Amino acid sequence: MNKIVIMIGLLLLAVSAFGQQQYPRDMKFPQIEFNPATPQEFTTDNGIKVFFLEDHKLPVVTLNAYFKGGDIYDPQDKVGLASLTASLMRNGGAGKLNPDQVDFDLEFLAANINCNSGERDYNIGLRTLRKDLDKTTGILADIILKPAFDTAKVTLEKSVTQDQIRRQNDDPGQVTRRVFYQTIYGDHPYGWYATLASIDNITRADIIDCHKKYFVPDNCIMAISGDMTLNDVKVLLKKYFGDWKKAELTLSAKAMAETSYKPGVYYAQKDINQANIRFGHLLMTDENPDQYAFEIMNFALGGGGFSSRMMSQVRTTAGLAYSVGSYPVYRQLMGLHFSYCVTKAESLSKTLQMMFDVINEVRNNGITAEEMELAKESTINGYIFGFDTPSKLANAYARNELRGFPKDKIKTDLEKYQAVTLEKCNQVAKFYLNTDDIVIVITGNKGLFDKPLDTFGPVTDVSMEIQ
Amino acid sequence: MSKSVVVLGILMMLLASSLGAQEAQFDVKQFTLDNGMNFLVVERPTAPVFSGFIIVGVGSANERTGNIGSAHLLEHMMFKGSKLVGTTDWDAEQDLWAKEDSVWARIDMARRQTRYVALNNPEKLDAHLKFIESLETILDSLAEASSQYVIQNEFDRIYTRNGAAQFNATTGYDFTNYFVSLPSNRLELWFLMESDRLKHPAMREFFPERDVVAEERRQSVENSSDLKLFEQLIGTAFISHPYQIFWEWRSEETNLTRDDLMTFFNTYYIPQNMAVAVVGDVKLDDVRKFAEKYFGDIPRGKDFEPIYTEEIEQTGERRVDLHYESSPAVNISYHGTAFDSPDEPVFQVIQRLIGDGRTSRLYKSLVLDKQLCVDVSVDVFPGNEMGDLYPGVMNIYAYPRDEVTTIDVEAAIYEELHKLATVPVDSLELTKIKNNIDAAMIWSAYDNLGLASYLASTQALTKDWKYLYKLRDKLKAVTPEDIMRVASQYLADEKRTVATLIPLENGGDNE
């Protein structure tokens with residue numbers, strides 16, 4: 001009797017397991033074909049390079065104008081110049097419009113213009129309804145071609161920037177990030193931050209010169225997408241940017257960043273009940289072909305969220321943190337690898353040691369084939385989300401052009417991820433990962449830590465004085 | 001993204017040509033399962049991807065002392081997998097969890113006794129604490145035993161392997177959201193994964209996860225000057241309504257049990273209390289077929305009571321200070337309305353008028369003209385786009401310039417609010433607001449997840465997604481007189497709560 005019951009039970013189990021019940025882990029799907037539209041491309045008579053994607057789904061248009069230049073070209077005694085130039089282009093009046101009129105005309109039409117300086121470029125972006133495109137593009141052109149840099153607004157923007165600097169120690173995460181970059185890049189421009197003094201040094205004449213130098217048509221790359229035709233784009237650009245005069249721009253070469261820091265612990269004192277941790281070392285440039293394998297390896301190490309070892313061990317198993325991970329940053333003049341975590345002050349050393357152990361384990365013994373497959377499948381299957389709106393796609397082409405990368409980069413990148421092997425992953429892990437000669441930044445209150453900070457190397461107290 | 005991009009795609013937005021106005025229209029298909037679960041579908045084959053958004057009509061406002069933190073911790077536990085995902089032996093796990101829970105109950109009881117042992121038999125305190133430690137060791141070893149059946153983070157891994165983006169969840173005060181974007185041929189995977197965790201939530205790795213949410217609170221609230229101040233503000237602005245708890249307290253959440261969460265789950269995670277939106281390269285027929293197959297067998301639940309507690313009337317200005325190692329800031333709150341109040345659209349227009357953009361009343365006055373603030377902004381708490389289920393608060397956040405006092409900042413804010421109550425808004429300014437209302441609705445359809453969230457949230461709040469058209473019409477009908485009336489009634493001096501951050505010098509242990 002018992003046996004029969006068991007046998008029937010087994011039979012039922014078999015039916016449910018193999019006949020009906022499907023498990024998500026077993027479901028296999030073909031890879032989605034990655035076949036994004038290619039933007040139309042042309043160059044205006046005065047040299048603006050344009051990438052355009054036609055898209056009539058919504059009655060809207062986005063336009064991003066990129067210019068080489070940006071923070072990296074700030075003089076050391078005037079750090080913040082590029083950033084102030086960009087924000088004052090937006091906020092300092094343009095053409096016939098005073099600053100208040102620029103604000104009102106844009107906001108009345110529910111349009112948005114953002115002017116930002118990045119590490120090595122400026123980005124001037126417009127989001128507008130199609131019906132107002134002519135008017136809003138006119139304002140955009142005035143901002144790019146004829147910014148007024150109203151004297152009172154220059155004074156205001158400078159003093160507000162200084163007040164923001166005075167607030168730079170309020171957020172522990174921001175403190176940790178700043179100290180990490182300052183320490184790891186040292187005297188290289190990548191490590192420079194604006195100070196009260198550097199903002200003081202910047203004059204209206206500096207801003208005018210900065211604008212004049214970089215905002216020229218042959219230094220301009222535009223990504224345009226939305227509810228218009230190629231002919232509409234050409235007519236519009238001719239109308240508003242047609243008279244913009246070419247001008248030669250020579251960008252000074254910048255030196256590569258090199259390791260110059262003293263390895264050890266950099267401690268930023270703040271009276272909080274957690275330790276905010278960030279550590280790492282220099283890595284590679286954005287042209288280094290090792291980045292594909294490194295990216296896949298790092299996914300398993302700490303970049304893949306819950307699918308990474310760091311998250312599994314520090315968060316899921318040990319419950320020591322809400323935020324933990326590791327990421328590579330690829331930069332033109334030398335990138336870096338960092339790991340970060342926020343844990344209660346009493347578990348600082350336990351957590352830090354756990355993170356070191358994870359890194360050393362991967363460096364010494366590599367990741368597994370299964371981990372690599374997961375990382376690759378995630379990267380390849382999710383690749384489309386980097387390009388799933390016309391705006392993302394047009395901007396990807398523009399940014400690659402800006403950086404001088406090949407036009408088919410978005411396709412070849414995918415192929416390079418597909419070609420990554422386990423051997424290569426483990427080779428880059430061994431070559432690049434390091435927990436010895438690193439900068440460890442810790443923000444918190446050392447009176448609460450579970451072990452003295454010098455457990456992890458010589459300790460340098462970081463000045464929190466606002467300069 | 002196929003070539004259909006270049007061709008005229010699905011024309012989602014119909015242009016209303018009359019008077020040059022441009023209003024959004026959404027092509028939404030809708031069906032409801034027999035168990036009451038509601039589905040909204042937008043077929044949009046632009047790129048071969050879709051976003052799935054599930055909203056459950058429950059949040060932290062449904063908690064009471066004793067189970068505070070349940071909504072948030074339960075949302076975390078939903079990532080631990082289900083019966084089909086994350087385990088090699090579901091039954092063995094259940095047995096071990098029951099054992100863990102009984103040990104936890106003993107630890108909890110022993111901890112409660114500690115204060116009496118310390119008071120009445122101090123000589124036995126050491127032994128008592130050792131006893132608790134030994135129980136904790138047993139709990140750890142049970143957790144270790146459970147872990148042998150766990151396929152850690154498999155729920156995440158399966159989505160990740162399949163190329164998921166934007167995979168996350170958020171816990172609010174009245175609603176909890178679960179969402180992800182996937183390649184479009186993974187539609188059935190999404191249905192299977194989501195339905196299984198909504199049928200069989202796994203209380204896997206429970207105790208470490210309780211520590212994780214405690215760490216999240218430390219990081220997000222206790223060590224963030226903005227949210228630490230905001231917690232004081234909200235706790236002071238509300239006396240009786242459960243919105244008073246901005247973030248669950250650590251003392252409560254570290255004592256939650258699996259039973260607390262399952263009770264919460266069984267009460268609120270019922271099909272008639274869920275709305276789903278699927279937007280992207282999907283077909284209505286497929287969504288309907290999978291919805292029936294995967295969600296159709298969940299039985300309709302027992303309807304639960306709404307929150308009857310109303311906020312008691314505010315009888316005068318309330319003030320609270322936070323002394324903290326950070327720069328000065330001031331937050332000001334005014335009680336508002338619920339989504340179905342006739343005054344709600346007026347309130348939303350007022351919020352935009354004073355807080356939306358560089359031309360808004362407060363930014364223009366405090367940052368640009370008087371130069372009293374580095375920044376000023378306005379929002380609504382809890383802050384659902386369509387309005388909140390129960391009356392919330394409108395908040396003003398101001399960050400004074402160096403050497404400007406919060407007193408001067410407050411005075412400048414009140415001057416603007418008094419103006420709102422006494423001087424009619426001119427028509428150009430009102431037209432600006434209405435143009436932005438139309439534009440925001442158009443942009444809300446720009447990406448799949450944004451549209452899915454917008455539709456599902458509206459459906460969950462109002463029980464009819466088309467309410468978003470009605471609200472738009474109401475917003476556009478707001479008059480200058482409405483604004484004066486609502487401003488004088490709600491934004492009066494005696495109706496406000498003020499929280500001020502008073503800086504402490506760097507006060508840590510720096511030898």
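Student: What is the strand order in the open sheet of 6 strands in chain A?

Tutor: First, strands are DSSP runs of E, at least two residues, and helices are H or I runs of at least four, both numbered from the N terminus. Two strands pair if DSSP finds at least two bridges between them. Here the order is E9-E10-E8-E11-E7-E12 in chain A, with mixed pairing. This is a predicted model: local features need pLDDT of at least 70, side-chain atom pairs count only at pLDDT 80 or more, and totals for chains, interfaces and linings use all residues. Residues are numbered from 1 along each chain as its sequence is written, with chains lettered from A and ligands numbered from 1 in the order in which they are written.

Student: Which are the edge strands?

Tutor: Strand E9 (321–329) and strand E12 (459–461) of chain A, as each pairs on one side only.

Student: How many bridges join E7 to E11 in chain A?

Tutor: There are 6, and the two strands run parallel. In E11(A), A:Ile440 sits opposite A:Val265.

Student: At what angle do the axes of H10 and H13 of chain A cross?

Tutor: Axes are lines fitted to C-alpha atoms, for helices over the stretch in contact, and angles run from 0 to 180 degrees between N-to-C directions. H10(A) and H13(A) cross at roughly 110 degrees, their axes coming within 9 Å. They're therefore roughly perpendicular (65 to 115 degrees).

Student: Which residues of H10(A) make the contact?

Tutor: Contact means C-beta atoms, placed from the backbone, within 7 Å. H10(A) uses A:Ile296, A:Phe299 and A:Ala300, while H13(A) brings residues including A:Met372 and A:Ala375.

Methods
Angles under 35 degrees count as roughly parallel, over 145 as roughly antiparallel, 65 to 115 as roughly perpendicular and the rest as oblique. Two residues are in contact if their C-beta atoms, placed from the backbone, lie within 7 Å.
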